[in-house]
Amino acid sequence: MSQPSVGGASIGQWSAAGMIDGRRRTGIVAIGALVVLIALPWIAASSGHAALTLLVTRMMIYGLAAVSLDLILGIGGMISFGHAAYFGLGAYVVGILAYHSGAGEPMFGVLPGSNLVVIAWPAALIISALVALVLGALCLRTEGVSFIMITLAFAQVLYFFFVSLKFYGGDDGLILRGRNVVSEYDLRNPILFYYICFGLLAAFVATCRRLLDSRFGQIVQGACQNERRMAAIGVSTYRYKLACFTIAGGAAGLAGALMANYARFVSPDLMHWTESGQLMVMVVLGGVGTLFGPILGAILVVGLETTLTSLTEHWKFILGPVLVLAVLFTRGGLWRLLTGQSRAFNQ
Amino acid sequence: MLRVRGLTKRFGGLLATDDLDLDIWVGELHALIGPNGAGKTTALAQIAGEILPTAGSIHFDGVDISRDSAPARVGRGLARTFQITQLLHTFTTEDNVALAVQIRCGHSFRFWADVHRDQTLRKPALEYLERVGLSSRAQALAGELSHGEQRQLEVAVALATKPRLLMLDEPLAGLGPAEAAEMVGLLRRLKGQIAILLIEHDMDAVFGLADRITVLTSGRRIAIGPPNEIQCNADVRAAYLGEE
């Protein structure tokens, strides 16, 4: 992880005129990507590659998790190395609720399970957000390397907690009998599930874009750049950063809920630190602080994983150099390369 | 208005501020001068709440603010600028000021409305830029401004917090003659409207602007008084010119 490219304080300068041109190009690229993603299930079906829909679904789920990480890492300057904890937690909420629903026995003898989307998914989102709120409240008392380490430590605590939770499969994880259901439709239909994932991802990115220009977003971005300046204009940024951390945790939890449905399987591996690292790789590859970029990063990483694992078990052997090349030559990630906002190496 | 008593700051063996007393009256322009390393900026940082003093008290409007956080002191009407400019470089000039206006307007847990279209922020922000003479650069990124313009922006941002005491840390440092003259003109316009604590090495500006001057050497006050008295003060001459 190249330190200077992480965090907004080091974001290079580009000219105001270049930024406006960049905005137009951003619009064109974003709309192009939108059209491709909407049309994809048809393209896949008509070209006889139905499995492509599934693959892109997986990319979008990781995309959602990566964008949520970018919200704190790129926009808020909070380099969390434990973001997979919320991803895994969301998955476990869905998994555990489904388990109790299937077994017909309530949790702790009182709470009934559920396999309904309208219950399980909001539950995943809310519980992940609440855990992010509590852990964030502690972690945000530190900064810099300590913050990175303490977020990592808490994520590993959660990981080992679920490993030791033998009742829900422990190390082996938990298999879901089926996907969650929306009234009478179940999400087994891959095209329906694809569009749901797509819709949630698009909605979250749109919300984040909106958030950036809000009063809240201005404070978070300011805090990322210069805490001293923020104190000097009279704001203590802690609670704003905490709110941002909580939102990101909730979104990662939602991505986890989707992942549980996608794989019909949850395990502690979802919250292992390597998973957090992988989310970071997606963000860095795609472009820190760009919100759209991490989706590209997710597409690339998941794509490489899928194509390369058929060749070799050690696919990360190839991912590593790709990451190094991207950091060295894209000047701020693939997204900035595509939209012409590459920052100069003048800083 | 501001009353500092017995302010002391010790960094290990170094006594950066030594039993400093300082009073600033309402509407006064008070200059704080002294040779390099005299502890002027350290004293300012303690008044602003960025550094906690080892001992001593700071009262503002009769209220003890010694334990208040830096943001809380800004809320009370105490603003500062920085010797090394601290701006949000990827924000536009106008956005830097608008953010200060926004914070003054209460909490910022508003997640939806676009601040760039919020006239309650834009209008005051432009007015402050007008006051410091930067309105033509409103849409430029703060990081692209010249050094002099960044200093002007620092002042605009500080003014946007609606301070009653403005503390300026070497606002003329590194400015060319024309820019410096502009900044002095700005200070002259501000003088009388709000109280100002000015740290500055440019003696022409200090003696031309200040109502009273406090002289520091090695963290200790060696003189205080109106400019003409300070000019004739033997201790001050000794400190500055090394006269025995």
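This is a predicted model: local features need pLDDT of at least 70, side-chain atom pairs count only at pLDDT 80 or more; totals for chains, interfaces and linings use all residues.

Residues are numbered from 1 along each chain as its sequence is written, while chains are lettered from A and ligands numbered from 1 in the order in which they are written.

**Stop 1: the sheet in chain B**

Select residues 2-11 of chain B, which is strand E1, and residues 55-60 of chain B, strand E4. (Helices, H or I with at least four residues, and strands, E with at least two, are DSSP runs numbered from the N terminus.) E1(B) and E4(B) pair antiparallel over 5 bridges; strands pair if DSSP finds at least two bridges between them. To see one of the bridges, show Arg3(B) and its partner His59(B).

On to strand E5, residues 63-64 of chain B, which is joined to E4(B) by 2 antiparallel bridges. Phe60(B) has Val63(B) as its bridge partner. E4(B) and E5(B) make a hairpin with 2 residues between them, and Asp61(B) in the turn has a positive phi of about 55 degrees.

Which order do the strands take? Read across the open sheet of 4 strands and you get E2-E1-E4-E5 (chain B), with antiparallel pairing.

**Stop 2: two domains**

Colour chain B by domain: domain 1 is 1-77 + 164-244 and domain 2 is 87-162. These bounds come from an automatic or database domain assignment. The C-alpha centres of domain 1 and domain 2 of chain B lie 26 Å apart. Their contact takes 11 residues from domain 1 of chain B and 9 from domain 2 of chain B, where residues count as in contact if their C-beta atoms, placed from the backbone, lie within 7 Å. On the domain 1 side, select helix H6 (residues 177-190) of chain B, which gives the largest share, 4 residues.

**Stop 3: a helix pair in chain B**

Next, pick H3(B) and helix H5 (residues 147-160) of chain B, whose axes come within 8 Å and cross at roughly 25 degrees. (Axes are lines fitted to C-alpha atoms, for helices over the stretch in contact, and angles run from 0 to 180 degrees between N-to-C directions.) That makes H3(B) roughly parallel to H5(B), a label for angles under 35 degrees. Show the side chains of the contact: Thr93(B), Asn96(B), Val97(B), Ala100(B) and Val101(B) from H3(B), against Leu153(B), Ala156(B), Val157(B) and Ala160(B) from H5(B).

**Stop 4: where the chains touch**

How many residues of chain B are in contact with chain A? There are 32, and they meet 23 residues of chain A. Helix H2 (70-76) and helix H3 (93-104) of chain B each supply at least two residues of the chain B side, with H3(B) giving the most, 5 residues.

**Last stop: chain A**

Finally, select helix H11 (residues 293-309) and helix H12 (residues 316-329) of chain A, which pack at an angle of about 150 degrees with their axes 10 Å apart. The contact is made by Val301(A), Leu304(A) and Leu308(A) of H11(A) and Ile318(A), Leu319(A) and Val322(A) of H12(A).

How values were computed:
Two residues are in contact if their C-beta atoms, placed from the backbone, lie within 7 Å. Angles under 35 degrees count as roughly parallel, over 145 as roughly antiparallel, 65 to 115 as roughly perpendicular and the rest as oblique.
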